[in-house]
Amino acid sequence: MAVAPGGDVYVADTSNHRIQYFTTTGSYLGKWGSSGTGDGQFNCPTGVAVTPDDHVYVTDCLNNRIQYFTSSGSFLGKWGSRGSGNGQFKWPENVAVAPNGHVYVTDTDNNRIQYFTATGSFLGKWGELGSGEGRFNAPYGIAVAADGNRVYVGDRSNDRVQYFKWVNVTVVPTSLGRVKALFR
């Protein structure tokens with residue numbers, strides 16, 4: 001679920017393979033998507049993020065890609081495929097957009113975070129399987145601080161939240177400890 005700058009609420013309706021959106025008071029505004037692999041179709045959308053200019057990014061989990069749309073659901077673009085290379089995914093679960101427009105994706109089964117330009121050009125990645133700082137075991141949730149300097153990651157199977165801050169163009173991990181209730 002994500003809230004747009006104007007207050008509209010966007011929901012990834014995973015089992016129905018669509019996105020629905022509502023007013024701040026819950027009045028239905030519309031929906032888009034259907035089951036499939038084509039542009040604007042989904043196979044279990046799980047995450048959604050909205051940018052300040054009202055573009056909506058969706059993790060199309062079982063199609064192993066990111067799609068993005070206008071606020072009313074018009075298709076704008078997509079990127080990704082199944083795999084372990086740069087810009088490829090294995091179960092992208094969630095997405096967050098930084099103030100500078102960079103798009104962060106939890107690449108859950110590859111145990112890493114990848115980030116991209118607003119149109120999907122690969123910028124970088126970090127993480128690998130493990131339990132030490134900066135390592136993940138099924139990263140799931142992701143959020144970017146309002147100032148864009150920290151990225152928070154829910155590390156599901158390690159039962160913790162880690163946050164990362166930008167220092168001289170490198171990512172420095174910091175653990176928030178064990179947070180079982182939030183990620184089980």
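**Exercise 1. Determine whether Asn111 is buried or exposed, and describe its backbone.**

Asn111 has a relative accessible area of 10%, so it is buried; the term means under 20% relative accessible area, with exposed over 50% and partly exposed in between (1.4 Å probe, protein chains only). The structure is a predicted model, in which local features need pLDDT of at least 70 and side-chain atom pairs count only at pLDDT 80 or more, while totals for chains, interfaces and linings use all residues. Residues are numbered from 1 along each chain as its sequence is written, and side-chain values use heavy atoms, with hydrogens and water left out.

Next, the backbone. Phi of Asn111 is near 55°, a positive value in a residue other than glycine. Most residues other than glycine have a negative phi. Asn111 sits in the loop between β10 and β11; strands are DSSP runs (E, at least two residues), numbered from the N terminus.

**Exercise 2. Work out which strands pair with β11, and how enclosed β11 is.**

Step 1: the β10 side. Strand β10 (residues 103–107) runs antiparallel to β11 and is joined to it by 5 bridges; two strands pair if DSSP finds at least two bridges between them. Val105 stands opposite Gln114 of β11. The two strands form a hairpin with 4 residues between them, and Asn111 lies in that turn.

Step 2: the β12 side. β11 also pairs with strand β12 (residues 122–126), again antiparallel, over 4 bridges. Here Gln114 faces Lys125. This hairpin has 5 residues between the strands, and Gly120 takes a positive phi near 100°.

Step 3: Because 5 of the 5 residues of β11 (residues 112–116) are buried, the strand is largely enclosed by the rest of the structure. Arg112, Gln114 and Phe116 cover one side, Ile113 and Tyr115 the other.

**Exercise 3. Identify the members of the largest nonpolar core that touch the most other members, and the elements that supply the core.**

Step 1: the members. A nonpolar core is a set of buried Ala, Val, Leu, Ile, Met, Phe, Trp, Tyr and Cys residues joined through side-chain atoms within 4.5 Å. The largest has 13 residues, of which Tyr10, Ile19, Trp32, Val56 and Val58 touch the most other members.

Step 2: the elements. β2 (9–13), β3 (18–22), β5 (45–50) and β6 (56–60) each give two or more residues to this core.

Step 3: one residue in detail. Beyond four places in sequence, Ile19 has contacts (heavy atoms within 4.5 Å) that include Tyr10, Trp32, Phe42 and Val58.

**Exercise 4. Locate Gly47 and state what surrounds it.**

Step 1: position. Gly47 belongs to strand β5.

Step 2: contacts. Apart from residues within four places in sequence, Gly47 is in contact with Ala12, Tyr57, Val58, Thr59, Glu93, Asn94 and Val95.

**Exercise 5. Compare Asn64 with the phi and burial criteria used above.**

Step 1: phi. Asn64 has a phi near 50°, a positive value in a residue other than glycine.

Step 2: position. Asn64 lies in the loop between β6 and β7 (65–69).

Step 3: At 6% relative accessibility, Asn64 counts as buried.
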